[in-house]
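Please read it beside the sequence and the model.

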Amino acid sequence: MKLIKPLIAALAMFVSVTALGAGAHGDGHASKSGEAGKPSEASRTITVAMYDNYYEPESIAVKSGETVRFVVENKGNLVHEFNIGTPAMHEGHQKEMVKMVEHGVIQGGKLNRGMMSMDMGDGQSMKHDDPNSILLEPGESKELVWKFSDKADIEFACNVPGHYQSGMYGNVNFN
Ligand SMILES: [Cu+2]
């Protein structure tokens, strides 16, 4: 039974890290993060690489009202998300993504896309098709066009359980 102790230690660590992270940014501040942008209105392209567990670049600067085309590449070994939202939005989404892991939709480096359209029994599915977010397996790449309508407290973040807590988020600075 040599395996059990380290496993319990790892689990305990995960739980305490998760508890620490929850509410760290939860100021209840309900500002909007912008809206889906039109590709024809994008002023420029920003390439974002996702690793285990951080982004490159670590932060971005935009102008109020600017539309940006993001090319997001997963260069890590785990499933990662690129989600543009307020800290409160990320906190809410993290709870949904815990369910995706519990149901086996996300398994480390694998994304079970077939399961994402399944009804989870409560009329909800795990489609994960919000316009402010993309979820990628290792090696995948996808585009997202976003309009930063108004200056607000916005972060891009990965809400796969444990990733935000280990630092996988970056600031959107308005200039
Ligand atoms: Cu991640």
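Two residues are in contact if their C-beta atoms, placed from the backbone, lie within 7 Å. Among contacts in the chain between residues at least 6 apart in sequence, 79% join residues at least 24 apart. This is a predicted model, in which local features need pLDDT of at least 70, side-chain atom pairs count only at pLDDT 80 or more, and totals for chains, interfaces and linings use all residues. Residues are numbered from 1 along each chain as its sequence is written.

**Overall composition**
- The chain contains 3 helices and 12 strands; helices (H or I, at least four residues) and strands (E, at least two) are DSSP runs, numbered from the N terminus.
- Of the 175 residues in the chain, 30% are buried, that is, have 20 or more other C-beta atoms within 10 Å of their own, with C-beta atoms placed from the backbone.

**The open sheet**
- Five strands form an open sheet of mixed pairing in the order E1-E10-E5-E2-E3, where two strands pair if DSSP finds at least two bridges between them.
- Strand E1 (35-36) and strand E3 (54-56) are the edge strands, each pairing on one side only.
- Strands E5 (residues 66-74) and E10 (residues 141-148) run antiparallel and are joined by 8 bridges.
- Arginine 69 has valine 145 in E10 as its bridge partner.

**Helix H2**
- Helix H2 (residues 87-102) has 16 residues and spans 23 Å from first C-alpha to last, close to the 22 Å expected at 1.5 Å times one less than its number of residues.
- Buried residues of H2 include Pro87, His90, Gln94 and Met97.
- Strands E6 (80-85), E7 (106-107) and E11 (154-157) are among the elements covering the buried residues of H2.
- Glycine 104, which follows H2, has a positive phi near 80 degrees.

Definitions and conventions:
A residue is buried if 20 or more other C-beta atoms lie within 10 Å of its own, exposed if 12 or fewer, and partly exposed in between; C-beta atoms are placed from the backbone.
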